[in-house]
Amino acid sequence: MNVPVLAPRCSLQHYRTLVQLNAHLLALRNANLGRHVRYASGKSIGDRRERDQPKKKKKSRTVFKQYDLKNAEQFSLCDAMRYIRAFEVGRPPDSPKYDLAVRLRTIKNGPTVRNRLRLPHAVNTSLRICVICPPDSKHAEAAKKAGASIVGEENVFDAIKAGRIDFDRCICHQDSAQKMNKAGLGKILGPRGLMPSAKFGTIVKDVGASVKGLVGGSEYRERNGVLRMAIGQLGFTPEEIQTNIKAFMSEVKKDIALLSDSITKEIHEVVLSSTNAPGFTLNGEFRSPNSPPTRDLSVM
C-alpha cells in the first residue's frame, strides 16, 4: 500500500524570511542592471537617480578667508629687504619698487578703504598733472608753480577731444566745473578714471595745494580685503622704507576709524614685496640679531 508523502508545511517565520530575501535579490538585480543599462545620452539609471536628488547648497562666506599666522614664517624689515634685493640683482635701482600689501579682517561687499597719501619719501615723482582752470588767472599760476604739466580750459578740452591725453591725473577748479561738464569730457576721461569729480576730491578751490599733494603722492584702494601701495624705490634705505611704512599704516588706521561703528576692519597681515620678488610677511621689527648692517642695504 502506497502512502502519499505530504510536503512539510512552511512556518510563518520562514515565509517572511523568504519574502525579505526575494525583495533583497530583486533590489540587487535592479542596482546591477542600472549600472549597465544606459540611455542614449550615456547616463545610467543610477546617474539619473543622483541627478534627481536635491543638491546641497554651499554656504557662501561672508568674510574673506584669512590664514593663521602663528606657524607662518615672519621677517624683520631688514631681513625682508635683504631677500627682496637678491631677487632684484642687476636691475636699475629706480625701476623696481617696494610694494606693501595690508590684509584686513573684514566682511565682503562692505564699505572699502580708499585714499591718497603723500609719503615722507616720494616714490613716484614723474606724475603728469592736468589742471582745468582759467589760463590767465592766479589759480593757473599757482598750479604751474606747484608742478602741473598742463594748465588751461579750452586748450585742454580740445586736446582731450583730439585724443591727446598726456597726463596721469586731472584736477578742475570749481569755477571751471560748469565749462568742463558742457564740454562733454565724461565719455573720454570717465573710462580712464581721470574725470574730475567732487566725490573724489578732484574738483577743488585751491588747485595749487592739490597739485602739491599729488606730486609724489600715491593712491591706495581696498580690493578683496587687501590694500596695496608702492612704498619705496629699490634704492631707498631701510630707514626711509620704515618711515614710509609708518606713515602709510598710520593713515590706514585713520581711514578705518572714520568708518561706521557697525563696520569692523582689523589689520591681519602686512607683506612686503617688490616688482620681481615674492612677498615676505613682516613681524613689526626693524632688525633681527642676524640682520645685515643697514648701510649694506643702501648701496646697490
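A residue is called buried here when its relative accessible area is under 20%, and exposed when that area is over 50%. Keep these two words in mind as you move through this model, which is a predicted one.

Begin by selecting helix α9, residues 238–257, whose 20 residues reach 28 Å from the first C-alpha to the last, close to the 28 Å expected at 1.5 Å a residue. Within α9, colour P238, I241, N244, I245, F248, M249, V252, D255 and I256, which are buried. They cover an arc of only 130° around the axis, which puts them on the same side of α9. An α-helix has 3.6 residues a turn, so residues three or four places apart point the same way.

Next, show what lies against that side: the buried residues of α9 pack against α3 (77–87), β1 (97–105), β2, β7, β8 (226–233) and β9 (266–274). Then turn to the face of α9 directed away from its buried side, where you will find the exposed residues K246, K253 and A257.

Stay with α9 for the second largest pocket, which holds about 240 Å³ of space and to whose lining α9 gives the most, with four residues. Select the lining residues, among them Q242, I245, K246 and M249, together with others such as S76, L77 and F286; by class, this lining has six nonpolar, four polar and two charged residues.

Finally, move to the largest pocket, with about 630 Å³ of space, and select R114, R116, F200, T202 and E219, which of its 23 lining residues lie nearest its centre. Helix α8 supplies the largest share of this lining, four residues, and by class the lining has seven nonpolar, nine polar and seven charged residues.

Methods. Residues numbered from 1 in each chain as written. Predicted model: local features only at pLDDT ≥ 70, side-chain atom pairs only at ≥ 80, totals over all residues. Heavy atoms only, no water. 1 Å grid on protein atoms, 1.4 Å probe; cavity = no way out; pocket = protein on both sides within 12 Å on 5 of 7 lines; lining within 4 Å. Points joined across faces, edges and corners; volume = space filled by probe spheres on them. Helix = DSSP H or I, 4+ residues; strand = E, 2+ residues; numbered from the N terminus. Nonpolar A, V, L, I, M, F, W, Y, C, P; charged D, E, K, R; others polar. Expected span 1.5 Å × (residues − 1). Buried < 20%, exposed > 50% of the residue type's maximum accessible area, 1.4 Å probe, protein only. Arc of directions from axis to C-beta. Contact = heavy atoms within 4.5 Å.
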